[in-house]
Amino acid sequence: MKKAYNQNWIENLKIQETASYWLSKNLISADQLSTIKAVFAEHFYRPGIFIKIGLFLFAIIACSFFAGFASIFLSGGGSDAAIVVLSLVCLGGYAFSLEYLIKTRNLFHSGVDNALLYSAIGAAMTPVFILFNNLEIWQYCICMLFIFLFAVLRYADFFAALGLFAVILTLVATLLVKFPLGKALLPFAVMALSAAIYLAVKRIKDTYYHDCVKLLEILSLVTFYLGGNYLVVREGNAFLNELNAPVSPQVAFAPLFYFFTIIIPLAFIIGGVRKKDRILFILGLLSFAFSVFTYKFYFGFLTPAQGITVAGALMILLAVASIKYFHTAKHGITDEQDSKRKFANLEAIIVAQQIGQSPQHGGPEFGGGDFGGGGAGDAY
């Protein structure tokens with residue numbers, strides 16, 4: 001599918017971000033950074049975060065005014081047909097404005113284009129809910145799936161990717177819970193679906209979808225863990241089967257979910273260390289903490305105050321010991337932050353060729369490292 005934003009400018013933007021990080025590490029000079037920015041130029045309009053929020057709110061209000069003004073002529077007494085026509089007119093207006101401003105004003109996730117995109121998505125969904133008001137949830141999910149997929153493929157929008165993931169997960173879950181066997185297999189289906197999404201997005205190397213890929217990686221890893229977490233499975237089973245007893249009943253395959261609860265975080269941590277993948281490593285630590293909470297929830301022998309005190313003391317001691325141990329790189333690991341490299345295909349030789357300087361041997365090596373798209377070597 002044709003992309004809305006300029007692909008070359010996005011790649012140049014990532015190169016500039018990487019070069020700025022290299023400057024902060026004293027790997028290149030300010031003059032070299034200026035040369036890189038001149039060679040790899042981009043002309044997107046990218047305001048600061050507060051201006052972006054203001055532009056987003058302003059555009060949302062403008063879209064609302066447009067819809068209100070159009071409703072004066074197309075309200076038709078509030079009939080379903082009139083609302084559908086009004087939604088389609090608004091969809092056309094939002095989509096045209098979005099494409100026009102991207103092309104003429106060089107917008108790139110600057111607030112205005114985000115607001116127009118979300119307004120267009122809402123306008124596109126409205127006729128579906130009005131014309132087909134007796135569909136089941138999974139049928140609505142199929143309709144929304146195509147809308148979000150189009151938004152992600154063309155605009156690479158962060159929240160559109162979030163909506164796409166939620167719709168896919170909801171679609172599978174609502175289909176399975178319709179059958180008794182499906183309810184029993186739901187945790188395994190969630191884990192299998194999450195693993196499939198993770199493996200699929202890891203193969204995407206297009207810089208255009210960098211942020212969407214990272215988001216989907218995180219979401220798929222989180223749902224993979226939650227799908228096998230004993231607490232989530234047990235309490236979710238009680239909720240789905242309306243077992244309103246004071247204590248939720250034991251679930252089938254309980255030993256397997258005990259195993260998943262502890263082995264998945266350990267696999268994340270080990271995988272993150274071996275692959276230098278910061279996302280995997282951090283999620284492993286967080287999921288391990290939730291696994292401890294899971295076991296304490298059912299088998300705890302300390303009071304909440306005692307548990308918090310002991311856990312806090314252990315975490316502080318572990319953090320201090322780890323920082324001291326990894327202050328200098330050991331086994332390819334260091335506590336120094338090194339997660340700003342977002343353009344995995346950028347090599348030092350490319351920059352050297354563009355700025356007319358040969359790479360120095362024996363110096364820093366700018367390559368390798370696939371640590372969540374953030375490593376620039378074998379240390380993180």
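1. The buried residues of helix 1 are Gln7, Trp9, Ile10, Asn12, Leu13, Lys14, Ile15, Gln16, Thr18, Ala19, Tyr21 and Trp22. Buried here means under 20% relative accessible area, exposed means over 50%, and partly exposed lies in between (1.4 Å probe, protein chains only). Helices are DSSP runs of H or I with at least four residues, numbered from the N terminus.

2. The model is predicted: local features need pLDDT of at least 70, side-chain atom pairs count only at pLDDT 80 or more, and totals for chains, interfaces and linings use all residues. Residues are numbered from 1 along each chain as its sequence is written, and side-chain values use heavy atoms, with hydrogens and water left out.

3. Helix 1 covers residues 7-24, and its end C-alpha atoms are 26 Å apart, which agrees with the 26 Å that its 18 residues should span at 1.5 Å a residue. The expected span is 1.5 Å times one less than the number of residues. At the start of helix 1, a side-chain oxygen of asparagine 6 comes to within 3.0 Å of the backbone nitrogen of asparagine 8. After helix 1 comes asparagine 26, with a positive phi near 60°.

4. Helix 6 (residues 137-155) has 19 residues and reaches 26 Å from its first C-alpha to its last, close to the expected 27 Å. Its buried residues are Tyr140, Cys141, Met144, Ile147, Phe148, Ala151, Val152, Arg154 and Tyr155. The cover over these buried residues includes helix 4 (80-105), helix 5 (112-131), helix 7 (158-176) and helix 9 (210-228). Just after helix 6, alanine 156 has a positive phi of about 50°.

5. The structure holds 7 salt bridges, each defined as a side-chain nitrogen of Lys or Arg within 4 Å of a carboxyl oxygen of Asp or Glu. One of them pairs lysine 3 with aspartate 206, with the closest N and O atoms 2.3 Å apart. Lysine 3 lies in the segment before helix 1 and aspartate 206 in the loop between helix 8 (180-202) and helix 9, so the pair ties together parts that are 203 residues apart in sequence. Lysine 3 is partly exposed, with a relative accessible area of 24%, and aspartate 206 is partly exposed at 25%.

6. Glutamate 136 and lysine 178 form another salt bridge, with the closest N and O atoms 2.8 Å apart. Glutamate 136 is in the loop between helix 5 and helix 6, and lysine 178, 42 residues away, is in the loop between helix 7 and helix 8. Glutamate 136 is partly exposed at 38% relative accessibility, and lysine 178 is partly exposed at 42%.

7. A salt bridge also joins the side chains of aspartate 277 and lysine 202 (3.6 Å, N to O). Aspartate 277 lies in the loop between helix 11 and helix 12 and lysine 202 in helix 8, so parts 75 residues apart in sequence are tied together. Aspartate 277 counts as buried at 3% relative accessibility, whereas lysine 202 counts as partly exposed at 27%. Elsewhere, salt bridges that share partners join Glu99, Lys103 and Arg154 into one network.

8. Phe253, Leu256, Phe259, Ile262, Ile263, Leu266, Ile270, Phe288 and Val292 make a nonpolar surface patch of about 760 Å². Helix 11 (254-275) and helix 12 (278-299) are the elements that give two or more residues to the patch, and the largest share, 6 residues, comes from helix 11. Patch residues have over 30% relative accessible area and no salt bridge; like charges are joined within 9 Å, and nonpolar side chains (Val, Leu, Ile, Met, Phe, Trp, Tyr) within 5 Å. Valine 292 is in helix 12 and counts as partly exposed at 45% relative accessibility.

Terms used:
Contact means heavy atoms within 4.5 Å. A polar contact is a pair of N or O atoms within 3.5 Å; within protein, one must be able to donate a hydrogen and the other to accept it, and residues adjacent in sequence count only if both atoms are side-chain atoms. Accessible areas come from the Shrake-Rupley method with a 1.4 Å probe; for residues, only the protein chains shown count as cover.
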